[in-house]
Amino acid sequence: MIHHVLLACPRGSEAASRSFYAGLLGMTEKTKPPALAARGGCWFTGYDAELHLGVEDDFRPARKAHPALIRPDLDALAERLAAAGHPVTWGDDEVPGMRRFHTHDPHGNRLEFLTPIAG
């Protein structure tokens, strides 16, 4: 079992992270321990996943590596993301039994969202 996935973010980007991960994705921000909060970044939980956004001074977004999160509201989420300016790229049937798409967070990190195909 994985406890969390860490994604890097640029210094001072917490507001953009909150808007995306809590606002658009509907995750809940988790309070960081004081010693770690001083470093910046934010933590989010929801949909059986925990994502940590950690400040990296020499930030470069993850363009290939990515977390893949199962979401029951895949179509509605894709519409919300696209409407908010986060383009969605649907996958075809490369992953049997799953519908999926990729997008990027406001920092350019790649994210994948999936839902099992019924039946």
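View 1. C9 takes part in no disulfide, and the nearest cysteine sulfur, that of C42, is 6.3 Å away. Seen from C42, the closest cysteine sulfur is the one in C9, and the 6.3 Å between them is too far for a bond. C9 counts as buried because its relative accessibility is 1%, where buried means under 20% relative accessible area, exposed over 50% and partly exposed in between, with a 1.4 Å probe and protein chains only. C42 likewise has 1% relative accessibility and counts as buried. Residues are numbered from 1 along each chain as its sequence is written, and side-chain values use heavy atoms, with hydrogens and water left out. Because this is a predicted model, local features need pLDDT of at least 70 and side-chain atom pairs count only at pLDDT 80 or more, while totals for chains, interfaces and linings use all residues.

**View 2. Aromatic pairs around F20 and Y21.** The count comes to 4 aromatic pairs, for which the rings of Phe, Tyr and Trp (its six-membered ring) must have centres within 6.5 Å, with planes under 30 degrees apart taken as stacked, over 60 as edge-to-face and the rest as tilted. The ring centres of F20 and Y21 lie 4.9 Å apart and their planes stand at 80 degrees, so this pair is edge-to-face. F20 and Y21 are both buried, and ring pairs link F20, Y21 and F44 into a cluster.

**View 3. W90 and F101 across two strands.** The rings of W90 and F101 form an edge-to-face aromatic pair, with 5.1 Å from centre to centre and 65 degrees between the planes. Because W90 lies in strand β6 (residues 89-90) and F101 in strand β7 (residues 98-104), the pair ties together parts that are 11 residues apart in sequence; helices (H or I, at least four residues) and strands (E, at least two) are DSSP runs numbered from the N terminus. W90 is partly exposed at 39% relative accessibility, whereas F101 is buried with a relative accessible area of 0%. W90 stands opposite F101 in β7, and β6 and β7 run antiparallel, joined by 2 bridges, two strands being paired if DSSP finds at least two bridges between them.

**View 4. The open sheet that holds β6 and β7.** Four strands form an open sheet in the order β5-β8-β7-β6, with mixed pairing. β5 (68-70) and β6 stand at the edges with a single partner strand each, so one side of each is left without a neighbour in the sheet. In the segment after β8 lies A118, which counts as exposed at 77% relative accessibility. The C-alpha atoms of A118 and G97 are separated by 8.0 Å, although these residues are 21 apart along the chain.

**View 5. The largest nonpolar core.** This core has 20 residues, and those with the most contacts inside it are F20, Y21, L25, L81, F101 and F113; a nonpolar core is a set of buried Ala, Val, Leu, Ile, Met, Phe, Trp, Tyr and Cys residues joined through side-chain atoms within 4.5 Å. At least two residues of the core are supplied by each of β1 (5-9), α1 (14-24), β3 (42-46), β4 (49-55), α3 (74-83) and β8 (110-116), and the largest share, 4 residues, comes from α3. With its neighbours within four places in sequence left aside, L25 is in contact (heavy atoms within 4.5 Å) with F20, Y47, R71, L77, L81 and F113.

View 6. Strand β2 (residues 28-30) pairs with β3 in the antiparallel sense over 3 bridges, and T28 has T45 in β3 as its bridge partner. β3 and β4 also run antiparallel, joined by 5 bridges, with C42 bridged to L53 in β4. Most residues other than glycine have a negative phi. D48 lies in the loop between β3 and β4 and, although not a glycine, has a positive phi of about 60 degrees. Y47 is partly exposed, with a relative accessible area of 38%, whereas D48 is exposed, with 87%. The charged end of R71 sits over the ring of Y47, 3.7 Å from its centre, under the criterion that NZ of Lys or CZ of Arg is within 6 Å of the ring centre and within 35 degrees of the ring normal.

Key. A disulfide is a pair of cysteine sulfur atoms within 2.5 Å.
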